[in-house]
Amino acid sequence: MTYQFSTRVPASDEDPVGNILKVAGSPDIISFAGGLPAPELFPVDALKKVTNEVYDESGRQALQYSAAIGDPALRTQIVKRMAKQGVNTAIDNVMISTGSQQSIDLTAKMFINPGDTVIVEKPTYLCALDVFRSYGAHIVGVEMDEDGMKMDDLEKAVAENPNTKFIYTIPNFQNPTGRTMSAERRRRMIQIADQYDIMILEDDPYGAIRFAGDDIAPIKFYDDQNRVIYLSTFSKILAPGLRLGWIVAETSLMKKFTLMKQSADVHSDNLTQHIVAKFMAEYDIEDHINKIKRVYRKRENVMMAAIEADFPKGVNYSHPEGGLFIWVEVPGNIDTQELFNTCIKHNVAFVPGEPFYPDAVTPGTFRLNFSNMSEEQIKTGIKRLGSAIKETISESVSEVSGN
């Protein structure tokens, strides 16, 4: 049988990131590869309690079909959360999704025709790139610095691509770099989008996990023309296995999202929506988030101190004030896959930078996760990683000298 796949299906069955995570999953390896929250912080007992209450109080309703836009009680709780961020919205402007990944997919499906341009940070979230490519997008990457996407470069990219449908950005503790876009650049991004009449897709899974510095209002806060679609998720502030996220958009756009959602999966898990709404009604989720922030701050501090002590001089790395990730750039023309292979021999792992780039790859780049390992594992793992980097640099210099 010859299968006639659509153009959205990748021609190759290779899954390089999956293969990396599989290798990194060995019990002997300290893995900084996955973007995993700390499982010991999941509120298991509280979720167990409210789950039983949902079954007792509204079990039949929770187990029934529901509206595509989502449970009203949960959407009401999200309206309250958005207000704390300075974004005043209404229940009709909020839809529940099956995680942020579905939100990205629905937005791409709604807006992208083959050949349309999507502008992204360079590097950016690899699974978003996969989605945009699957719908035939022409992806243009814009360079970043420690304050996020460079606005002069963004305006140039928009001007050169008049068929741009939207800008995709992760402004807070970006995946993979951990960088945060400044308030000035957020305002400037809105000005550019207004000038060229394009949308902004603001993906904010990490914004609540700020453990240093001052909060910065979402890009959506500066939006007065309803061109920002805001996405977030419970994966990082509660538990990823719940698979619940949300979209905030203006009313007419939300009607389109609801139709797209209906055709995708009818609605997100209704029981889980009831459970999370009950949790948020009975518990202060900010107290729970504060516990997460305290633990992640300690782990990030330990990792930064270990990097300072054990990495060779000249290696650059980001200095996140929240989130889950640190981005590393090893100088010289280092083959990141070779570095990864060396690290595996040293029983430590990361995610190489290649999959995060929409176009030309910067060699010697990789992402580290600090949220999932204990402080002792971080110290040991970074020491191993530092040794592997030194070994790889030494071998690279030897090869150049030999030539």
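This is a predicted model: local features need pLDDT of at least 70, side-chain atom pairs count only at pLDDT 80 or more; totals for chains, interfaces and linings use all residues.
Visitor: What makes you say that the largest pocket lies between domain 1 and domain 2?

Guide: Domain 1 (16–42 + 287–397) and domain 2 (44–282) both give residues to the lining, so the pocket lies between them. Its space comes to about 580 Å³. Lining it are 27 residues, and Gly 35, Tyr 125, Asn 175, Tyr 206 and Lys 236 are the closest to the centre.

Visitor: Which helix gives the most to that lining, and how do you know?

Guide: Helix 4 does, with three residues. Helix 1 (16–24), helix 4 (99–111) and helix 5 each supply at least two.

Visitor: What makes up the lining of the largest pocket by class?

Guide: There are 15 nonpolar, eight polar and four charged residues. Gly 35, one of those closest to the centre, counts as polar under the scheme used.

Visitor: And what lines the second largest pocket?

Guide: That pocket has a volume of about 430 Å³. Its lining has 22 residues, with Arg 81, Gln 85, Gly 207, Ala 208 and Asp 215 closest to the centre. Helix 3 (72–84), strand 8 (228–233) and helix 10 (285–310) each give two or more residues. By class, the lining holds ten nonpolar, five polar and seven charged residues.

Visitor: Why are some residues of helix 5 called buried?

Guide: Buried means under 20% relative accessible area. In helix 5 (residues 126–134), Leu 126, Ala 128, Leu 129, Val 131, Phe 132 and Ser 134 are buried, so each falls under that cut-off.

Visitor: What follows helix 5?

Guide: Gly 136 does, and its phi is positive, near 80°.

Methods: Residues are numbered from 1 along each chain as its sequence is written. Side-chain values use heavy atoms; hydrogens and water are left out. Buried means under 20% relative accessible area, exposed over 50%, partly exposed in between (1.4 Å probe, protein chains only). Helices (H or I, at least four residues) and strands (E, at least two) are DSSP runs, numbered from the N terminus. On a 1 Å grid over the protein atoms alone, a cavity is a set of points where a 1.4 Å probe fits but cannot get out, and a pocket is an open set with protein on both sides within 12 Å along at least five of seven lines; lining residues have an atom within 4 Å of a point. Grid points are joined across faces, edges and corners, and a volume is the space filled by probe spheres set on the points. Domain bounds come from an automatic or database domain assignment.
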